[in-house]
Amino acid sequence: MSPSASDAGPRFAVVGNPENRRVALFADAVRAAGLPAPRVVAWADVLRARGADFADDEIVRIDSPGENDEVDAMLRGAREPTRVEGSARWYARFTAAVRELRGGVRLDDPDDLAVLFDKRLCHGVLDAAGVPVPASPTSGPHGVAVRGWDDVRAAMRGHRMSRLFVKPAHGSSASGVLAVEAGGGGRIRATTSVERAADGSLYNSLRVRRYEREQDIAAVVDALAPDGLHLERWLPKASQDGRAADLRVVVVAGRATHAVVRTSRWPLTNLHLGGRRGDLRAARQAVEAAGARWTDVLGVCERAAACFPRTLCVGVDLLPAVGWRGAAVGEVNAFGDLLPGLTGLSGGGAEGLDTYGAQVAAVLHDRNDRGTPHA
């Protein structure tokens, strides 16, 4: 007698861009667990067909639609993939597409994703749950609306924020983010990866730059404002080897499983913008030397992830305070698990596994707990 589908173990499916390394890494993790490769459903097909169907027992992972020009054009409406504008349209189309998926056992909840991809809503949820976050006048569904640079200036005065981050509400990978700081004598500057063309259009760049004329900063902010903006107080961060440092912590099934230190000479520590991986052991030692416990640092990330209990995995951007005394959550990322070659934290339950292997293992462990056979 041939084995039934349940005897053969779970069946995975992934909605993603088939050529993307994210899909390849997840497929590798599924096969390494002794299971058949996941069925890949292309984002382009989902968007063209207005949805996709999954069997009741298929375990469905939703992966990033990024790094595919055709998909980006379908979501954002822009012909040039490096354009910054269009994030509100991207958000509306992405969240609608997620809700048009039918059937399957989801690893990513549509309602959670809708919050995770709106920085204002996400900040409000974290704040309401008591998770430490930077102060923000735009937090939550009733936050202040930002219609342009004049509103940013008003918020800076009203909330006494001489240093703040201006973020597109639906952005990712630091796209469109400006680190703004005002000084005496009316001086002001913004650090960002946004490149402004002669016609006023905005482009993502791999080169971080500074704008030091208020009219230039205002022009960038005014162009971004129609897509929605989120403002956060710029908290002074810890340093490592003379560089600003923060952490990306991956939380899987409620446990912090992987972490990496990111350092930069700029306020933006994203690795694709010239940031580099720091020394995690040194960061842990610095935390403990400051009188704190490393488990408490990871616990902040787990508390943030607990705000999204129906989503298996999130990546938490943790902002350690100067001297490594305390920390706040900068962002929670739905697709924050792309850390190739990084194995699990000691004691985190994913030792020897990458972030994708940890997620597959968590699914299999959950099936075991519920008495469901697996491979």
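Predicted model: local features only at pLDDT ≥ 70, side-chain atom pairs only at ≥ 80, totals over all residues.
**Exercise 1. What is the strand order of the open sheet of 5 strands, and which are its edge strands?**

Solution. 
- Step 1: Read the order. The open sheet of 5 strands runs 8-7-6-5-9, with antiparallel pairing.
- Step 2: Find the edges. Strand 8 (202–211) and strand 9 (229–233) each pair on one side only, and they are the edge strands.
- Step 3: From one strand to the next, the twist averages 25°.
- Step 4: Look at one pair. Strand 6 (residues 178–182) and strand 7 (residues 188–196) run antiparallel, joined by 5 bridges. Here Glu 181 stands opposite Arg 189 of strand 7.

**Exercise 2. Which strands of the sheet does helix 8 touch?**

Solution. 
- Step 1: Locate the helix. Helix 8 covers residues 214–224 and packs on the sheet.
- Step 2: List its partners. Helix 8 touches strand 6, strand 7, strand 8 and strand 9.
- Step 3: Take the direction. Helix 8 makes about 55° with strand 7.

**Exercise 3. Is helix 7 roughly parallel or roughly perpendicular to helix 8?**

Solution. 
- Step 1: Recall the description. Two packed helices are described by an angle and a distance between their axes.
- Step 2: Take both values. Helix 7 (residues 149–158) packs against helix 8 at about 110°, and the axes are 8 Å apart.
- Step 3: Apply the cut-off. Angles of 65 to 115 degrees count as roughly perpendicular. Therefore helix 7 is roughly perpendicular to helix 8.
- Step 4: Name the residues that meet. Helix 7 brings Trp 149, Val 152 and Arg 153. Helix 8 brings Glu 214, Ile 217, Ala 218, Val 221 and Asp 222.

**Exercise 4. In which sense does strand 3 pair with strand 1, and with strand 4?**

Solution. 
- Step 1: Take strand 1 (residues 11–16). Strand 1 pairs with strand 3 (residues 52–62) in the parallel sense, over 5 bridges. Val 15 has Ile 62 of strand 3 as its bridge partner.
- Step 2: Take strand 4 (residues 101–106). Strand 3 and strand 4 run parallel, again with 5 bridges. Val 60 has Arg 106 of strand 4 as its bridge partner.

Definitions and conventions: Residues numbered from 1 in each chain as written. Heavy atoms only, no water. Pairing = 2+ DSSP bridges. Helix = DSSP H or I, 4+ residues; strand = E, 2+ residues; numbered from the N terminus. Axes fitted to C-alpha atoms, helices over the stretch in contact; angles between N-to-C directions. Contact = heavy atoms within 4.5 Å. Parallel < 35°, antiparallel > 145°, perpendicular 65-115°, else oblique.
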